[in-house]
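Biologist: Before we start, could you show me the model, so that I can follow each feature as we discuss how to read it?

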Amino acid sequence: MPGHLETLLAFDRQYQRDQQQSPVFLHRRDRRYALDSSEGQAPDISRWLAQLHAIGSHGADRYDFPEIRFWRRFSNGFIAAGALLGVITMSGLLFYDGGQQINVTVILGFVLLQLMLALYTAVQGLAGWQPWAPLIHSLQQRLQKQQPSPALSPLLGPMMTRTAQTAGLVFGATALITLLLSVVFQDLAFGWSTTLDTSAEAWHRVVSWVALPWSGWLPVASPSLDLVEDTRFFRLEGSGVDTASARWGAWWPFVAMTWLAWIILPRAILLAVATVDLRRKGRRALTRHPGYQALLWRMETPAVDTGADTRDSGKLPEDHHSATVTVPHSPLAVSWAGATADALLPGVDKPLPRAGGAQSLQADRDTLANLAHQITEGRRQLVVVTRSWEPPTAELADFLEDASEQLPGVTITLLPVATEPGQRPDEQKLGQWLRFAERVGQGVRVAAAETQEAAHGVQ
Amino acid sequence: MVSSEEAPVFAVVGHPNRGKSSVVATLSQNDSIAIALEPGTTRESQTYPLRVDGRTLYTLVDTPGFQRPRRVLEWLEAHSLSASDRPDTVAAFVHQHRDNPRFRDECELLAPIIEGAGIIYVVDGSVPYTAEQEAEMTILRWTGQPSLALINRIGPDDHTASWQSALGQFFQIVRNFDAVRAPFEQHLGLLKAFGQLRPDWEQPLEDAVGFLTRQREDRQWRSAHLIAAALAEMMTHQESRTLPKTLDTAGSDSRQALEARLRERWYQYQREREETLRRDVETLYQHHQIARQEAALSWHHDHDLFSEETRQVWAVSKAYLATAGFGAGAVGGVGIDALTLGHSLGAGALIGGLLGAAGSYFYGDRLAIRALSLGSLKGAGDLQTATFGPVQDLQFGYIVLGRAVDHWWHISQRNHAGREPLELPPSESHWLENLHSETRKAIQQALTRLRKNRKLSHGEQQELEVALHSALEGYSHWRLESIA
């Protein structure tokens, strides 16, 4: 089961991968996941990632992050240093060469310092201060040749706090163990001493306050006024000769409990706070990740596919290879689907015979039969007048085929006319007729009204 | 026949080149459908289903046009005894001629209809009605399927009235629909009309309308998100370069050359980032073909992000900048011109014109950019970093915003049947003054933060997106009012 840091980094890694994907695909994929999950359930990023990894091929490295590895190593080193330092510190505090007692005042001062440090670490973590961040970054760069992931940067503070509190806890624990071992294996003489003009009563009040948490149920670790009075020592006066040797050792339960209650316990509590804080900030970093809202949107929003990605089967028309010709002189002429070309066909009887359009097919055949009777040696040209803006259909192709069968030896010319009488249709419209004539074959040509640009007409 | 559980299918049929594909392109939001192809080259029907979470709500079938309607009708009339057998006769025609290449187009277009598809018959309302299309209308009537006629005006002329009376004799419903220019609400109205053809089609079409409406709202939110992100990146962008420490004399040639290089790179970045935003918004609205057309458009200098004209069009007045957060909306554009005594937009344009200044006038001197700054590079004794940017001028943010919102509006209003190049003609910037004061305030605050090179927090980012969403809404209203 991955931790929340691993989840965050895995999510970030997936987010970076998804940048390359099309939004439509991502929406479909994540909506699919949301629909497959049971209804009413809040989206679970870990499960979402697990599903992606289960389907995908990158399962092996799913939760292997150099950043996490670095932090584990760094934390372990820090904690080990804390443990070692705990032993050394306590050994130093308890250093006793028989010449002078171990001053409980010094130990209390050290405990206070530790407490302050623990609180400072906690405040620093909660406030998000990162004065040590450049150090960590340079260390990471040196060890791993890479910068920390930006996804992790808001969590560096809480992570460092947790590491520091853990190290502090281990420090306290190893120091306490050192104390207990020293008590067992050495003859330690504790006392208290201060330059200040303090009475034993005042000092007793201080230690009673320190021992308040346990004085009720562990009186042996709560020094009495007699013990305080008996164990005061002065550097120049030498140790109090009246005090029994065992009295000097009676302080150890107090020292151990002070260490436990005022160093280890606060560290443990603050470690718990740091852990909760890290978890909270980890969740927040995930929900504020730029990919998170987008993912939620994809999961919640129905994937509407309007068919926008369906490719059209149509091909763009090819270029035509032929050119228009001039309008033949005194040809036979027929009007297709009601097209008229009075100005372009001088000397041709009007109205023109009709074909196509709303006429029946039989009427078309009759028209062709009539035209066949009009063929003479000098009139072997048939002009089929069409509307240039109307697309040429297969029905016209059929008519041209019938015409070439029934009017053998006659040259058929299509004459697409523009909306303005006498004008040459634009090249785009003429293009479709030229291509149509090429498709039909049988020598069919296309004529167009002359303009200055159309001087390249073929006779 | 289509059972009630199956999603309705609509065959879009008609004479060749009458705008069938443009209707399908607009309704399916597909700008890759080839429109105005050579008749006879579209030989196969193409289906465009509307799917929501994998469930098909309806399917549009783009069909080839009628090629030999009179021959088909002749065959049908020769094989029918009475009106009651007409649908079966049409089906028989399709079955008999399925492999006949002469009737391939007719079989393709009639096949979905005899399988139960509704008929959407498309005609061009810009050409006069002629009786020649009656053969194909008669064939469609013989199929006995629910039918709707669409008058899609392709050209400038209007012969809608004559079409309407003729089509009314053949089809249950006759609607006008301009596939290129119809606004989104009309798309939805048309889909609802499809649902009227049969009682059991009403619900899926209603559902489809609901999903499409939500999709459009989502797209507006996502556009606001995209614009907010681009705005933040463009305003805080900095060009930097590492170089030896020897280059430190202010005013030296090498220093000026470096500044010019970084400045050019900074401008280049801004142009590219804006281009990316455009593509993102276009992709969001399923417009994939515009980029290609835009390249051919030659994005001429006058409309460039840093041109003088752009500045005149999209910059806001100093009064607006000073008062954006405090209810300046009450003062109209004219009022602002008068109040600022020649410092506002109109006067700025005049001054700019008189000086004949190009982009360098405003952007060299007046668009404050944090110019070249040299700083030492940590950990490298003889190296330093030279940085150029970020922009220090709020106007830059307003120019980027104005252009982005205008582009969004054109894209969101553009139908997928449109094949014209996207033109973004200059507009005017007074649209901002129509926005709600809260919206203006939020935009101003975000831009101010970005100007100070401060990263927007999660909450601030969201506030900006909400404000931009309102701004998009406001811009649409402003546009509609301007047109009206």
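Biologist: Which residue forms a salt bridge with Asp398(A)?

Modeller: A salt bridge is a side-chain nitrogen of Lys or Arg within 4 Å of a carboxyl oxygen of Asp or Glu; here Asp398(A) forms one with Arg102(B), with 3.3 Å between the closest N and O atoms. This is a predicted model, in which local features need pLDDT of at least 70 and side-chain atom pairs count only at pLDDT 80 or more, whereas totals for chains, interfaces and linings use all residues; side-chain values use heavy atoms, with hydrogens and water left out. Residues are numbered from 1 along each chain as its sequence is written, while chains are lettered from A and ligands numbered from 1 in the order in which they are written.

Biologist: How many salt bridges does the rule find across the interface of chain B and chain A, and how many residues are in contact?

Modeller: The rule finds eleven salt bridges across that interface, and, taking contact as heavy atoms within 4.5 Å, 45 residues of chain B are in contact with 49 residues of chain A. Buried area is the accessible area (1.4 Å probe) that two parts lose on being put together, summed over both; for these two chains it comes to about 4,100 Å², of which 46% is on carbon and sulfur atoms.

Biologist: In which sense do β3 of chain A and β2(B) pair?

Modeller: Strands of a sheet pair through backbone hydrogen bonds, either parallel or antiparallel. Strands are DSSP runs (E, at least two residues) and helices likewise (H or I, at least four), numbered from the N terminus, and two strands pair if DSSP finds at least two bridges between them. Strand β3 of chain A (residues 304-305) and β2(B) pair in the antiparallel sense over two bridges, with Asp305(A) standing opposite Arg51(B).

Biologist: Which strand of chain B is joined to β2(B)?

Modeller: Strand β3 of chain B (residues 55-62) runs antiparallel to β2(B), and seven bridges join them, Gln46(B) having Asp62(B) as its bridge partner. Two residues lie between the strands of this hairpin, in which Asp53(B) takes a positive phi near 55°.

Biologist: How many residues of β2(B) are buried?

Modeller: Buried means under 20% relative accessible area, exposed over 50%, and partly exposed in between (1.4 Å probe, protein chains only); five of the seven residues of β2(B), residues 46-52, are buried.

Biologist: What is the strand order in the open sheet of chain A?

Modeller: The order is β5-β4-β6-β7-β8, five strands with parallel pairing, and β5 and β8 of chain A are the edge strands, each pairing on one side only.
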